[in-house]
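Please read this briefing alongside the sequence and the coordinates.

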Amino acid sequence: MTDLLKTISPSWTGASAILFDLDGVLTPTATVHERAWQELFEGYLASQPGVTGYQESDYFDHIDGKPRFDGVRDFLASRGIVLPEGPTDDDPANLTVQGLGNRKNRIFNDIVSSGVEPFEGSVLFIEAAQALGLKIAVVSSSRNAPAVLEAAGLSRHFRVVVDGVVAAAEGLPGKPSPATYDYAAQLLDLPSEECVVVEDAVSGVQAGHSGQFHSVIGVDRGAGRQTLLDAGATLVVNDLKELL
């Protein structure tokens with residue numbers, strides 16, 4: 001723990017809490033989300049002749065880190081497609097923004113139902129941060145955050161979880177707005193200026209950078225180190241164990 005304290009002191013002096021994104025930071029579920037989005041849109045675009053098919057870059061360009069239905073809208077907009085919104089609980093079989101979003105959620109849940117293994121370095125980092133007396137919270141665009149945390153065995157660490165359900169209930173805009181991170185800081189009874197944001201998605205790093213947060217740590221799980229730095233990350237690591 002002393003090594004961690006020595007590592008973080010120069011750049012984290014005055015920090016009281018760490019606000020973690022979930023998918024891609026604490027658990028490898030970002031890749032599961034990516035697979036689910038690919039399956040969703042490959043199936044949908046197959047019925048849309050003359051439209052460019054789904055590409056690997058689409059996930060990072062239009063979807064990664066955003067609330068689910070924003071991801072649907074932004075991806076469709078990239079193909080010049082506009083669909084009816086539909087009700088929030090729309091049937092996954094319906095060709096609406098909400099229907100496609102709910103279809104993606106069903107695909108995601110089917111994949112993670114067998115369990116989730118968290119990143120070892122992230123678990124060690126969580127434990128080290130708590131040992132130093134730092135408060136921690138999860139801030140995720142996903143509406144599945146509590147279920148993923150439970151499946152990964154991480155629920156016991158986090159009394160504050162701001163996910164897509166909380167954001168919708170509180171009327172908070174999703175990332176790249178800093179609103180959900182600010183709300184997590186409020187729930188921890190801390191000013192945003194004392195909270196470090198940890199993110200792997202460009203939109204999440206942008207959220208941290210645009211808010212009044214202490215600093216933003218980017219975790220490069222595929223977005224690219226320079227891309228995260230350009231988005232506003234204070235520093236970028238490949239895994240949180242590098243900070244131990």
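A nonpolar core is a set of buried Ala, Val, Leu, Ile, Met, Phe, Trp, Tyr and Cys residues joined through side-chain atoms within 4.5 Å, where buried means under 20% relative accessible area, exposed over 50% and partly exposed in between, with a 1.4 Å probe and protein chains only. This is a predicted model, in which local features need pLDDT of at least 70 and side-chain atom pairs count only at pLDDT 80 or more, while totals for chains, interfaces and linings use all residues. Residues are numbered from 1 along each chain as its sequence is written, and side-chain values use heavy atoms, with hydrogens and water left out. Helices (H or I, at least four residues) and strands (E, at least two) are DSSP runs numbered from the N terminus.

**Nonpolar cores**

- The largest nonpolar core has 49 residues, of which Phe20, Leu26, Leu76, Phe158 and Leu240 touch the most other members.
- Helix H2 (residues 29-45) supplies the largest share of this core, eight residues.
- Apart from this core lies another, of 26 residues, which includes Val162, Tyr181, Ala185 and Leu190.
- Not counting residues up to four places away in sequence, Leu240 touches Phe20, Val25, Gly121, Ser122, Phe125, Val198, Ile217 and Val219, contact being defined as heavy atoms within 4.5 Å.

**The sheet and strand S1**

- Six strands form an open sheet in the order S3-S2-S1-S4-S5-S6, with parallel pairing; two strands pair if DSSP finds at least two bridges between them.
- The edge strands, each pairing on one side only, are S3 (161-162) and S6 (235-237).
- Strand S1 (residues 17-20) is joined by four bridges to the parallel strand S2 (residues 135-139), where Lys135 is the bridge partner of Ala17.
- Four bridges also join S1 to strand S4 (residues 195-199), again in parallel; here Ala17 stands opposite Cys195, and Ile18 has Val196 as its bridge partner.
- Ala17 and Leu19 point one way from S1, whereas Ile18 and Phe20 point the other way, and all are buried.

**Helices H4 and H5**

- Two packed helices are described by the angle between their axes and the distance between the axes.
- The axes of H4 (residues 68-78) and H5 (residues 97-112) come within 9 Å and cross at roughly 115°; axes are lines fitted to C-alpha atoms, for helices over the stretch in contact, and angles run from 0 to 180 degrees between N-to-C directions.
- On the H4 side, Arg68, Phe69, Val72, Arg73 and Leu76 meet Val97, Gln98, Leu100, Gly101, Asn102, Lys104 and Asn105 of H5.

**The loop between H4 and H5**

- Thr96 lies in the loop between H4 and H5 and, at 10% relative accessibility, counts as buried.
- Leaving aside neighbours within four places in sequence, Thr96 is in contact with Leu83, Pro84, Glu85, Gly86 and Asp90.
- Thr96 and Val72 are 24 residues apart in sequence, and their C-alpha atoms are 9.4 Å apart in space.

**Backbone exceptions**

- Most residues other than glycine have a negative phi, and most peptide bonds are trans.
- The peptide bond from Lys175 to Pro176 is cis, with omega near 20°, and Pro176 has its place in the loop between helix H8 (164-170) and helix H9 (179-187).
- Asp189, a residue other than glycine, has a positive phi near 60°; Asp189 lies in the loop between H9 and S4 and is exposed, with a relative accessible area of 65%.
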